[in-house]
Amino acid sequence: MKIGVIGGGAWGTALAQVAARGGREILLWAREDEVVASINADHVNTMFLSAIPLPETIRATGDIGELAGCDALLVVAPAQHVRSVLGAIRIGTMPLVLCAKGIEAGTRLLVGEVARAVQPDAPIAVLSGPTFAHEVAAGQPTAVTLACEDEALGARLAARLAGPAFRTYASSDVVGAEIGGAVKNVLAIACGVVEGAGLGQNAHAALIARGFAEMTRFGLARGARSETLAGLSGLGDLVLTCSSTSSRNFSLGVGLGQGRAAAELMADRRTVAEGAFTAPVLREAAREAGVAMPVSEAVCALLEGANVTEVVGALLARPLTREGV
Ligand SMILES: NC(=O)c1ccc[n+]([C@@H]2O[C@H](COP(=O)([O-])OP(=O)(O)OC[C@H]3O[C@@H](n4cnc5c(N)ncnc54)[C@H](O)[C@@H]3O)[C@@H](O)[C@H]2O)c1
Ligand SMILES: O=P(O)(O)OC[C@H](O)CO
């Protein structure tokens, strides 16, 4: 199975390295000429994943049309750009493995729903889980969910991408895998706020637990399975992203917790903090579905400039309720 990669950011590059294992050739489309040049000439992505040497079997191109000859594509553009990149290539029935984590602004569609709208004949799979790109690229172990409704195709993709330090767990719950990845980015911003505002380790743990409760409520309302939400792509990734400044979302939250403005924190950044784009869309989708998501609502308020002390105070002052609802 010849694999192409759409997106030359940190995760696209790390996944190209995973897929290139065993000397297989990989074709990676990158938007930036500098990325294409540095991968082809120096076998490194200096812009997004510096200091990680890449195999010479990874070739980069700036012409996305070249990927039309692949057997499967890993789609690793940020969620808000998946529609435009998938619209730029003839895909037909080529399987798409979606690796972005987010919800599209305006349409409120999950990335898989966007892919189906743009490329209705392409089978869809989702790869998601606790995966900091720099750790995966350095060969450190992790495990991911590979979700695909066509279980035979899912098993083939899981086997193709698995490696000694990259365990793939098959699932047929595409929506569940997507919702875990999209929602955890918003909750990671909230956990960063706890860190930045110095609210303590108890608050951090309580927020992860209550965040998971709202991820579960939203996921179940959208047809996700609870075991997926409690698995690698949900709880697994939530714990990772809520615990480390290696997370761009957590780091954004730290800045917000220190009282800095979102616009300042997001200005001039090349890398993507998906939670900032997903949060307002998630708020709309949750309100429409009648699902209470107070932590995600609080993140939206902070991104819009609300005062940290007031937002935290309002969260804590909500009427007491029962656990498990
Ligand atoms: N970095 C990680 O550790 C990691 C791990 C798992 C999943 N992800 C997800 O992978 C996706 C890509 O993130 P990343 O970390 O590889 O990116 P990145 O932050 O390293 O780089 C930004 C990427 O966005 C692309 N981009 C910017 N504007 C664009 C446009 N108009 N059209 C198309 N592409 C555009 C850039 O070319 C670049 O590839 C995100 O959804 C992210 O949540 C990232
Ligand atoms: O840096 P973040 O917050 O985008 O997180 C990266 C990955 O999603 C972690 O699994």
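Helix 13 (residues 274-289) and helix 14 (residues 294-303) pack with their axes 9 Å apart, at an angle of about 130 degrees. This is a predicted model: local features need pLDDT of at least 70, side-chain atom pairs count only at pLDDT 80 or more, and totals for chains, interfaces and linings use all residues. Residues are numbered from 1 along each chain as its sequence is written, while chains are lettered from A and ligands numbered from 1 in the order in which they are written.

**Helix 13 and helix 14**

- The crossing of the two helices is left-handed (the near helix is turned anticlockwise from the far one by less than a right angle).
- Helix 13 makes the contact through A276, A279, P280, L282, R283 and A286 (C-beta atoms, placed from the backbone, within 7 Å).
- Helix 14 brings S296, E297, V299, C300 and L303 to that contact.
- Eight residues of the contact are nonpolar, one is polar and two are charged.

**The shell around ligand 2**

- Ligand 2 is surrounded by 13 residues (C-beta atom, placed from the backbone, within 6 Å).
- T131, D237, S247, R248 and N249 are the closest.
- By class, the shell has four nonpolar, five polar and four charged residues.

**Where the shell comes from**

- Helix 7 (174-196), helix 10 (232-241) and helix 11 (248-257) each supply at least two residues (helices are DSSP runs of H or I, at least four residues).
- Helix 10 gives the largest share, three residues.
- Domain 1 (3-172) and domain 2 (175-316) each contribute at least three residues.

Note on methods: Nonpolar A, V, L, I, M, F, W, Y, C, P; charged D, E, K, R; others polar. Domains from an automatic or database assignment. Axes fitted to C-alpha atoms, helices over the stretch in contact; angles between N-to-C directions. Contact = placed C-beta atoms within 7 Å.
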